[in-house]
Amino acid sequence: MKIYLTAVIKAKEVHQKEVLNILQHMVTETRKEEANELYSLHQGIEDQNEFIFYEIWKSEEGLAQHNEQPYIKAFGDIVEEKLQEKPQIYITQIL
């Protein structure tokens, strides 16, 4: 079963450019993963510190493998220092 995921990330203003660079690196690497079907990064227009990922994964196992990748773990290391809050993650299904 496919996994549809939306993640909302809010960078601290002082770290916005650094967070953006990290997120763009995640996009480059994640798109190479076999289980990934879509990994799209968006930036807020009104709030440029807000980033949103839209993701589609072929399986739960593929998403679990993704979460173990070094570039995802590296992102986890910056959450407390460089983000306004923990990312909001929504796993959904198509109706």
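A: Gladly! Keep in mind that this is a predicted model. Let's start with the outward side of helix 2: the face turned away from its buried side carries Glu60, Glu61 and Gln65, which are exposed.

Q: Which residues of helix 2 are buried?

A: Buried here means under 20% relative accessible area. In helix 2, which runs over residues 60-67, Gly62, Leu63 and His66 are the buried ones. Looking down the axis of helix 2, you find these buried residues within an arc of 100°, so they line one face of the helix.

Q: What do the buried residues of helix 2 pack against?

A: For packing, look for contacts, meaning heavy atoms within 4.5 Å. The partners include two helices, helix 1 (16-30) and helix 3 (70-82). Strand 1 (3-10), strand 2 (36-43) and strand 3 (50-57) are also packed against by the buried residues of helix 2.

Q: How do I read the radius of gyration of the protein?

A: Compare the value with that of a compact globule. For 95 residues such a globule would have a radius of gyration near 12 Å, and the protein has 13 Å, which agrees. The C-alpha trace spans about 40 × 30 × 20 Å along its principal axes.

Q: And how many of the contacts join residues at least 24 apart?

A: Counting contacts between residues at least 6 apart in sequence, 69% join residues at least 24 apart. As for burial, 42% of the 95 residues are buried.

Note on methods
Residues numbered from 1 in each chain as written. Predicted model: local features only at pLDDT ≥ 70, side-chain atom pairs only at ≥ 80, totals over all residues. Heavy atoms only, no water. Buried < 20%, exposed > 50% of the residue type's maximum accessible area, 1.4 Å probe, protein only. Helix = DSSP H or I, 4+ residues; strand = E, 2+ residues; numbered from the N terminus. Arc of directions from axis to C-beta. Rg over C-alpha atoms; globule rule 2.2 N^0.38 Å.
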